[in-house]
Amino acid sequence: MTDVYKRFIDKVGLPRLTIILFLVALMIVATVNRLPTPMLLTNSLVRIGMNGVMVLAMVPSVQSGAGLNFGLSIGIIAGLIGMLVVMEFNLAGFLGLVVALLIACVLGAAAGYVYGQILNRVRGQEMMIGTYAGFSIVSGMCMFWLLAPFRNPEMIWVVGGKGLRLTLAVDDSLAKILDNLWRFEILGVEIPVGLLLAFALACLLLEVFFRSRFGVSMKVAGANPAFAKSCGVDVDKMRVLGTVLSTALGAMGMVIYCQSFGYVQLYMAPLMMSFPAVAAVLIGGASARKATVWNAVLGTVLFQTLLTISLPVTRSVIQGDISEVAKTIISNCMILYALTRKEGDG
Amino acid sequence: MKERIRQNAVPALFFGMCVLGMLISGQNSRYVAQELISRLARNWFLVLSLIIPVTAGLGLNFAIVLGAMAGQIGLIIVTHYKLPGLAGLAVAALLSVPIAVVLGISAGHVLNKARGREMITSMMLGFAVNGFYQLVFLFMVGTVFPVKNPEIMLDNGVGLRGTIELKYCKYALDNLIRLRLFRIDVPVAPIAIVILLCFGIRWLYKTKLGQELRAVGQDMGVASVSGINVDRTRITAMVMSTVLAAIGQVIFLQNMGTINTFNSHEQIGTVAIASLLVGGATVSRATVGQGLIGTLLFQLLFIISPAAGQRLMGNAQIGEYFRVFIGYGIIGAALLIHAWGRTTSPRSASRPARDKAVAGAGSD
């Protein structure tokens, strides 16, 4: 009996089990306290769609052997630039979204290429270097936001007339454009179809890529570099490619996040954004050596639902907004847990 | 000789930047000196708390944030009970020590489970424990812990204020002995404590424990074979570092006069580590002298960069962001150079045990 029990825990993984149990407990409290379930579900769905692509960005970098991408903020900055350019030129609607995604993708890929080259030279310290590369870029870009040649009076400080504001509201024609696409209501739950479809499309494309010949050789390079080399796969190139894909996905994920959020937050706001994304894919059952699209999807769903529900539930029990603190504790403990495991486990 | 130049390249570069910044900013030299001496008096102790883990091979201890939290908890308690002056500070330091010991032991155990990736783990440890710190002081004070004190708590009676003024023990240590030298106020007591600590660390390295710390830092395999309990030595190093950081934070905050309840300790990690690195320390080698000089250069740059930014770009905000960038950038660059050197230099082949640890981290 205990054997079955133990094997079950081994299979599901202790942290995932804890998170699921916690989620169930929160749901019970929510029902007992008669909290508006449809609203909670709506918010969960929106947050899953908002954050999904950024979590998905972890998959190619892990698969190619470059490890969890702690420097995702580099991609996030590229996404922010994409949004800012579109807002500067007042590009509206879908045209704006597509242009923002394109700029984000190109800049993200370029930055990812340089970042990948660096990671290839610091094997074994990717996580630490990635984290501080991200921190440096975010704080360095603070100076850029102040000096950048943006002229749109909606975006720059009123006093002084120079430098971008801390928080910029996204234009009405662009804000929530994916959320509202084909949106419908069922049993009081609003489904943001466009947003979820975008996430699903990204998952699908990535999955197709990993089944292609190129994708398979990337996986081999990540799983067994020596074997890959003997098969004639250029391991270094694959690692760079994985980082490029990851950074570009992070950039596009940020554009999707911003349009759904309705605001673009600059300066130190992106500093810690890579950690929840890392934590989410780990919650989904990934490790530093193995991550699948499924891990990213499951992790996003579990993590974001937990955070969404925890806010009103804890508010009904104690005062104050506990969800930020919960996010900090859960994501950092999850990463810590993964770091203290022996290689390969989760 | 070549080695020597390499070692001093970083401090020399920063010295050059400081000189250039001074020329550009054109600030009053007495103002700069006054500002510098008080910043040194409050930062030196914290920076020196980083040295022991480097010697023990644990790398830069980002988990001194844990010690800083312990120090802050001590000060918050003292402020709550309105203990005044030097006695208040002493009680705060004494209260923070047991907390720091417990945190240090736990941190040591966690790091022993994450060999070869100690630095990232210690950093995540700082973030995670900070989450719990926020949980306690934002939500549990006033609800779980029946505390009522409108001076330090939010108006609704739950959670601490974002900034707490240290009304009762502000400047207690600084004011103990004040010397006026060339019209500059010198807080003698904190500097004297730093000097004591320098000699303390020097003495430690001569004891048996110090030798063990060094042996473990050089090669865990050899140390283990020669009968040293590696795990325990590493935990001891972490405990010492955390306790020193707790005391350092008490010294730091009595000079600041206010606690940024949820920020003060977070900044400490970055600032202290960047300071040590500016002094020419690396991930595997750090001396007391490097800590002292590094703090001097880093704080000098801190003082002059807003004014230099104002003069150069017409915007003081640029200078503010520049120093944040320097803080993160110097750590990033130092880690990069260290990791780069380790994977390419053939010398590392003579260190099989450490290489193995690195390789282990690499495949993870």
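These legends accompany close-up views of a predicted model. Residues are numbered from 1 along each chain as its sequence is written, and chains are lettered from A and ligands numbered from 1 in the order in which they are written. Local features need pLDDT of at least 70 and side-chain atom pairs count only at pLDDT 80 or more, while totals for chains, interfaces and linings use all residues.

**View 1. Helix α11 of chain A, residues 235-261.** Helices here are DSSP runs of H or I with at least four residues, and strands are runs of E with at least two, numbered from the N terminus. The end C-alpha atoms of α11(A) lie 38 Å apart, which agrees with the 39 Å that its 27 residues should span at 1.5 Å a residue; that expected span is 1.5 Å times one less than the number of residues. The rest of the structure largely encloses α11(A), since 24 of its 27 residues are buried (20 or more other C-beta atoms within 10 Å of a residue's own; exposed means 12 or fewer, partly exposed in between, with C-beta atoms placed from the backbone). Gly262(A) follows, with a positive phi near 90°.

**View 2. Helix α3 (residues 37-56) against α11 in chain A.** The two axes come within 7 Å and cross at roughly 165°, where axes are lines fitted to C-alpha atoms over the stretch in contact and angles run from 0 to 180 degrees between N-to-C directions. α3(A) and α11(A) are therefore roughly antiparallel (over 145 degrees; under 35 is roughly parallel, 65 to 115 roughly perpendicular and the rest oblique). Look for Met50(A) and Val53(A) among the contact residues of α3(A), and for Met252(A) and Tyr257(A) among those of α11(A); contact means C-beta atoms, placed from the backbone, within 7 Å.

**View 3. Helix α4 of chain B, residues 64-80.** Its 17 residues reach 24 Å from first C-alpha to last, close to the 24 Å expected. Of these residues, 15 are buried. Just after α4(B) comes Lys82(B), with a positive phi of about 60°.

View 4. Most residues other than glycine have a negative phi.

**View 5. Where chain B touches chain A.** Here 46 residues of chain B are in contact with 34 residues of chain A. On the chain B side, α6 (118-140), α13 (316-344) and α14 (352-362) are the elements that give two or more residues.

Methods. Two residues are in contact if their C-beta atoms, placed from the backbone, lie within 7 Å.
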